[in-house]
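Have the sequence open alongside as you read.

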Amino acid sequence: MHVIYKADNLFDAHLVKHALEDAGIPAFVFGEQLLGGMGELPLFGVLRVCVPDLAAPEAAQIVAGLDLAGPADAPIWDSDEDAGLLPA
């Protein structure tokens, strides 16, 4: 098994898993059962999407095409002078 994607949240992990399965590549999410195991503290780095070693090159191309780490959108009030919000 080859780790093809380390997810920050469960939604991204399953998005990658389903995109890979739609392309015919078997994918597995590991670490899902560990979420919530630390109570209120967030756990990082435990969610991993894995594929068989032979499918890793094709899977890497699919994951790169998902653009999961795109730039964040600007806040709504940046362009609105009358938003009533002041910077901290």
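## Exposed or buried?

A residue is called exposed when its relative accessible area is over 50%, and buried when that value is under 20%. Keep in mind that this is a predicted model.

By that cut-off M1 is exposed, because its relative accessible area is 52%. You'll find M1 in the segment before β1. M1 also belongs to a nonpolar surface patch, which it makes together with F28 and F30. The patch covers about 290 Å².

Now look at β3, residues 47-51. Four of its five residues are buried, so the strand is largely enclosed by the rest of the structure.

Strand β3 pairs with β1 (residues 2-7) in the antiparallel sense, over five bridges. One spot to check there is Y5, whose bridge partner in β3 is V49. Strand β2 (residues 28-30) also runs antiparallel to β3, and three bridges join the two. Here F28, one of the patch residues, stands opposite C50 of β3.

## A lysine under cover

So what about K17: buried or exposed? This residue sits in helix α1, which spans residues 10-22. K17 counts as buried, because its relative accessible area is 18% and the cut-off is under 20%.

Which residues does K17 touch, leaving aside those up to four places away in sequence? The contacts are A27, V29 and V49.

How values were computed. Residues are numbered from 1 along each chain as its sequence is written. This is a predicted model: local features need pLDDT of at least 70, side-chain atom pairs count only at pLDDT 80 or more; totals for chains, interfaces and linings use all residues. Side-chain values use heavy atoms; hydrogens and water are left out. Buried means under 20% relative accessible area, exposed over 50%, partly exposed in between (1.4 Å probe, protein chains only). Two strands pair if DSSP finds at least two bridges between them. Patches are made of residues with over 30% relative accessible area and no salt bridge: like charges are joined within 9 Å, nonpolar side chains (Val, Leu, Ile, Met, Phe, Trp, Tyr) within 5 Å. Accessible areas come from the Shrake-Rupley method with a 1.4 Å probe; for residues, only the protein chains shown count as cover. A salt bridge is a side-chain nitrogen of Lys or Arg within 4 Å of a carboxyl oxygen of Asp or Glu. Contact means heavy atoms within 4.5 Å.
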